[in-house]
Amino acid sequence: MADYFIGPERANLHGHLSNKIPPALRIRSGDTVTFSTLEGDWRLERPAKPESSSGLFFPRKLPEDCGHALCGPIYIEGARPGMTLAAHLEKIVPSDWGWSRVGDGDLDHLRRIECQEGEYFLIWDLDKKRGTCRSHRGHQVAMSPFMGVLAVAPDSVEPVSTHPPGLHGANLDCRELIEGSTLYLPIFTEGALFSVGDGHAAQGDGESGCTAIECPMKEVRIRLEIQEGSFGSPVADTPGGWVAFGFSESLTDASYNALGNMALLMERLYGYEYREALSMCSVAVNLRITQIVNGIRGVHAILPKGSIFQ
């Protein structure tokens, strides 16, 4: 199997999703790509001041680059609609800085959290050796890096926003997708056209303020493998357990979507019939809010490792 590197250069960056974006790289199933990514807002350097406008930004082409700074897309030979792309997340290494904010973003979310008087912006130092993140105001949290956006191209020639999650992946913002996880995405177009970006150094379930600790990634090593058949929606095998997702403007609907997708996954994993799977979900599966900030809310269902014995 071959190894490749993709850095944040103009030919490798895009801020929307579409099946018409020319591939930055063509690989075979089982090959590995190491990405170096910008932070999601296209910054090239640490903000000098605690505000969203601070910093040197990569030049964008608007309106097509209005979304996250994504690296790719990667064309995988032999990938066809109806198949699955397995993205094996082998290594995730952040840079040494990041930022977070509340008070800017989706207006409905800001109204609901009663934070409309302006932004509160933090600049973070990331200490990979200690595994900690420390803000310029002295806050300190544990580091747990993951990628916010992991996506295949949707079945669309028109630009699709990177911000809402969907069946093609995109802005999942799921903190379970750490190093050692495998994300399975249904393929909608020839070659799959895989993209990645929006690095996070730490985030709580829900991403409830407005952002995670947004950061560039020094090294994101992903082995990309195509498989026959499809789960029908994104699912993941993570160190914490199997994960199924649900997405909707309604958090209630997203919860039921995640539950139904987990039941279908358990049918596949254990040979259960549907009611049996739902019964086992009730005693072994945890429903968690993925994020409430992207307009399309996300819920993920987790079946912890070792919770069901065969």
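Let me start with Arg 28, which sits in the loop that joins β3 (25–27) to β4 (32–37); strands here are DSSP runs of E, at least two residues long, and helices are runs of H or I of at least four, numbered from the N terminus. With a relative accessibility of 64%, Arg 28 counts as exposed, where exposed is over 50% relative accessible area, buried is under 20%, and partly exposed is in between, using a 1.4 Å probe and protein chains only.

A word on the model. It is predicted: local features need pLDDT of at least 70, side-chain atom pairs count only at pLDDT 80 or more, and totals for chains, interfaces and linings use all residues. Residues are numbered from 1 along each chain as its sequence is written, and side-chain values use heavy atoms, with hydrogens and water left out.

Now to strand β14. All 5 of the 5 residues in β14 (residues 182–186) are buried, so the strand is largely enclosed by the rest of the structure. On one side these are Thr 182, Tyr 184 and Pro 186, and on the other Leu 183 and Leu 185. In a regular strand, side chains alternate between the two faces of the sheet.

What does β14 pair with? Strand β6 (residues 84–94) is antiparallel to β14, with 5 bridges, and pairing requires that DSSP finds at least two bridges between two strands. Ala 86 is opposite Tyr 184. Strand β17 (residues 235–238) also runs antiparallel to β14, joined by 3 bridges, and there Leu 183 has Ala 236 as its bridge partner.

Next, the cores. A nonpolar core is a set of buried Ala, Val, Leu, Ile, Met, Phe, Trp, Tyr and Cys residues joined through side-chain atoms within 4.5 Å. The largest has 50 residues, and Phe 35, Phe 194, Ile 222 and Leu 224 have the most contacts inside it. Strand β16 (residues 217–227) gives the most to this core, 5 residues. Domain 1 (3–94 + 141–227) and domain 2 (240–304) each supply at least three of its residues; the domain bounds come from an automatic or database domain assignment. A second, separate core has 20 residues, including Ala 86 and Val 235.

On a 1 Å grid over the protein atoms alone, a pocket is an open set of points with protein on both sides within 12 Å along at least five of seven lines, a cavity is a set where a 1.4 Å probe fits but cannot get out, and lining residues have an atom within 4 Å of a point. Points are joined across faces, edges and corners, and a volume is the space filled by probe spheres set on them.

The largest pocket has a volume of about 380 Å³. Its lining has 22 residues, and Arg 101, His 163, Cys 210, Thr 211 and Asn 294 are the closest to its centre. Both domain 1 and domain 2 give residues to that lining, so the pocket lies between them.

The second largest pocket holds about 270 Å³. Among its 19 lining residues, Ser 100, Gly 204, Thr 211, Ala 212 and Ile 213 lie nearest its centre.

Finally, the search finds 1 cavity of 30 Å³ or more. Its lining includes His 14, His 16 and Pro 73.
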